[in-house]
Structures are given as structure tokens and as C-alpha cells.
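Here are my notes on the model you sent. Please read them with the structure open.

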Amino acid sequence: MLKIGQYNRLAINRMAEVGAYLDAGDGVEILIPSKYLPEDSAEGDILNVFVYTDTEDRLIATTEIPLIQVGQFAFLHVKDINPRVGAFLDWGITAKDLLCPFNEQRSRMNIGGIYCVYAYLDDVTGRVVASSKIEKYLGNVYPSYQIHEQVNVLVIKRTDIGYQVVVNNLHLGMIYFDELINELEIGATLTAFVKKVRSDGKLDLTMKDTNGKRAHNIADDILDMLKSKGGTIYITDKSSPDEIGLVFGCSKKDFKKAVGLLYKQHQIELVPGEIRLFKK
């Protein structure tokens, strides 16, 4: 089934001077203009394309990478305001901006402003549109996460107690200051761990290692740096938390866990002031 406002894998039905027509099923063809068509494309090739409607409501495919898809949240920049319909946002698609109608704006948007929005498919027009009234698109399904489960989050707001985040494009969560490794940036996308599912369906999250997965990821980062630095680095478990956080983006506690893991696996050697790749 064709997904407007999302990626689709479609086969080239026929080539044309203006590009190629893709098979969308049920006799429907979608144009991908020549400038977005990969070189040496031919009939029968399968392309992974983003599908949207143009200004004349025709289905169009592109290999451009959108900043947001239907069902997602993102911070987007306002390019223009139409006094009759709403604000037009830059969503990474050159040929058409994304409309956020006035009735879907939490507060009146301004040109040059950056706002957190949700992209959805309008049932009436069949077009992809945006809404900055994001709360109504969150928490509509009760969360079924396991404690310690890793999730993707978008940082949307700093509060007096921590950072408010969108979790997996579905739920609202909070990362409290005492669960942080470093300060977070509004608009950043990152991974976190579920600490608690509250009765209201909101989530308490942590950036700290809760089930060992983070230690393994940091261990991989340490090995990659060792290999890129000729087998020796000068950041150790004696280094300051700030230095470790700056280089590896983790707490000193998690770094020490990762170092211990690599040492037990005989992948590194520990000498004063250095970590070295283990020489077999």
C-alpha cells in the first residue's frame, strides 16, 4: 500500500524525458523527476523514494531526504507566511514547502522561527501538513515499554526539573537533571532508557547505563578511537568526567564499565596514563 509522506520501495515502470514513472500499484504511476533519478536507472529497478503531493496535488517521488515524515516530530524553520492559510516550513523537499495551517498552530508562527511540529496526512485534502499542537498526537496509545528498554527521543523543552522529550514519535517523556550525563540541546535526537512508565502514560527516562547496552556501545567507540590513533589513547579511567564526557559523550561511570569490559575480553592493555590495544 502506498504511503504518502513516507518512504516507499517502488519499481520503475517506464522511462521518460522528464524522468521515470514508478509503479504504485492499481494502475497508478508516480513521476520521479530526472534530477532525482539515480544514474543508470532502468525499467524494473527498485527505488527507495519519498512520496508527496506537489502544488497541483499530483503524486511525486524524490530521493531527497526529508527532515520529517508523516507520523514524526521535528523542529522546522518557517520560510514564509500566507495570510490566508498559514505558515510554510522547510522540510527538506525543494519543490514544495510544508504547510502548518493557522488552526494547527499553538501560537502564531513567525518567519524565521523554528518550531516543533508533527507531520500528518490530512484526511480531506490528502496532503501532508504539519501541526505545532503536538500534545494531541502524543500518548494516544498506552506505552508498552519494558524497564531499561532503549528508545529514541527528541528533546523538545527544558523545564525546572529536566528535559521534556518525545519518545519514539508516540509518547511524552521526561529526563530529569539527575539522570543526565551532559546538558541536552533542544531539537537533539538521541537514545535513552526507560526508567519508569507512569500511570498517566508518560515516561521517566535516563541517559545512564541501565542494562549494559550502553557500556558495549562505549566499548565499541573506544576500540574505534584506538584503531584510528595507532593503538594508544591518553584518556583513561583516571581522566576527569568532563574530558571523558567531551570525547565519548558518556559518564565516567559508564566509561569505566566499558574499559573493564574490554580489559576482561583481553582487547586492551592498561598502563599509567594510557589505554592500548592488546597485542596478541
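**Notes on the predicted model**

1. Salt bridges, overall. The count comes to 12 salt bridges. Keep in mind that this is a predicted model. Side chains of opposite charge can pair when their charged atoms come close. I take two places in turn below.

2. The Asp54, Glu56 and Arg58 group. Salt bridges link Asp54, Glu56 and Arg58 in a network. Arg58 pairs with Asp54, and their closest N and O atoms are 2.8 Å apart. Arg58 also meets the side chain of Glu56 in a salt bridge, at 3.7 Å from N to O. How buried or exposed is each member? Asp54 has 10% relative accessibility and is buried, because the cut-off for buried is under 20%. Arg58 is partly exposed at 46%. Glu56 reaches 58% and counts as exposed.

3. The Glu183 and Arg158 pair. These two side chains form a salt bridge, with the closest N and O atoms 3.4 Å apart. Glu183 sits in the loop between strand 13 (171-176) and strand 14 (189-197), while Arg158 belongs to strand 11 (residues 150-158), so the bridge ties together parts that are 25 residues apart in sequence. Glu183 is exposed, with a relative accessible area of 53%. Arg158 is partly exposed at 48% relative accessibility.

4. Strands of a sheet pair through backbone hydrogen bonds, either parallel or antiparallel.

5. Strand 17 and strand 18 (residues 274-277) run antiparallel and are joined by 4 bridges.

6. Strand 1 and its partners. Strand 1 (residues 7-16) pairs with strand 4 (residues 46-53) in the antiparallel sense, over 5 bridges. In that pairing, Arg9 stands opposite Asn48 in strand 4. Strand 1 also pairs with strand 2 (residues 19-23), again antiparallel and over 5 bridges. There, Met15 stands opposite Ala20 in strand 2. A hairpin through 2 residues joins strand 1 to strand 2.

7. The cavity. How many cavities of 30 Å³ or more does a search of the whole structure find? The search finds 1. About 30 Å³ of space lies in the largest cavity. Its lining is made by Tyr52, Thr53, Trp91, Lys96, Arg127 and Val128.

8. The largest pocket. This pocket has a volume of about 280 Å³. Its lining has 15 residues, of which Phe88, Lys96, Leu99, Arg127 and Val129 lie nearest the centre. Two or more lining residues come from strand 8 (98-101) and from strand 10 (128-131). Strand 8 gives the most, with 3 residues. Check Lys96 and Arg127 against the previous point: they line the largest cavity and are also among the residues nearest the centre of the largest pocket.

9. Positive phi values. Most residues other than glycine have a negative phi. Asp26 has a positive phi of about 55°, although it is not a glycine. Asp26 lies in the loop between strand 2 and strand 3 (29-33). With a relative accessible area of 84%, Asp26 is exposed. Asn168 also has a positive phi, near 50°. Its place is in the loop between strand 12 (162-167) and strand 13. Asn168 is partly exposed, at 27% relative accessibility.

Key:
Residues are numbered from 1 along each chain as its sequence is written. This is a predicted model: local features need pLDDT of at least 70, side-chain atom pairs count only at pLDDT 80 or more; totals for chains, interfaces and linings use all residues. Side-chain values use heavy atoms; hydrogens and water are left out. A salt bridge is a side-chain nitrogen of Lys or Arg within 4 Å of a carboxyl oxygen of Asp or Glu. Buried means under 20% relative accessible area, exposed over 50%, partly exposed in between (1.4 Å probe, protein chains only). Two strands pair if DSSP finds at least two bridges between them. On a 1 Å grid over the protein atoms alone, a cavity is a set of points where a 1.4 Å probe fits but cannot get out, and a pocket is an open set with protein on both sides within 12 Å along at least five of seven lines; lining residues have an atom within 4 Å of a point. Grid points are joined across faces, edges and corners, and a volume is the space filled by probe spheres set on the points.
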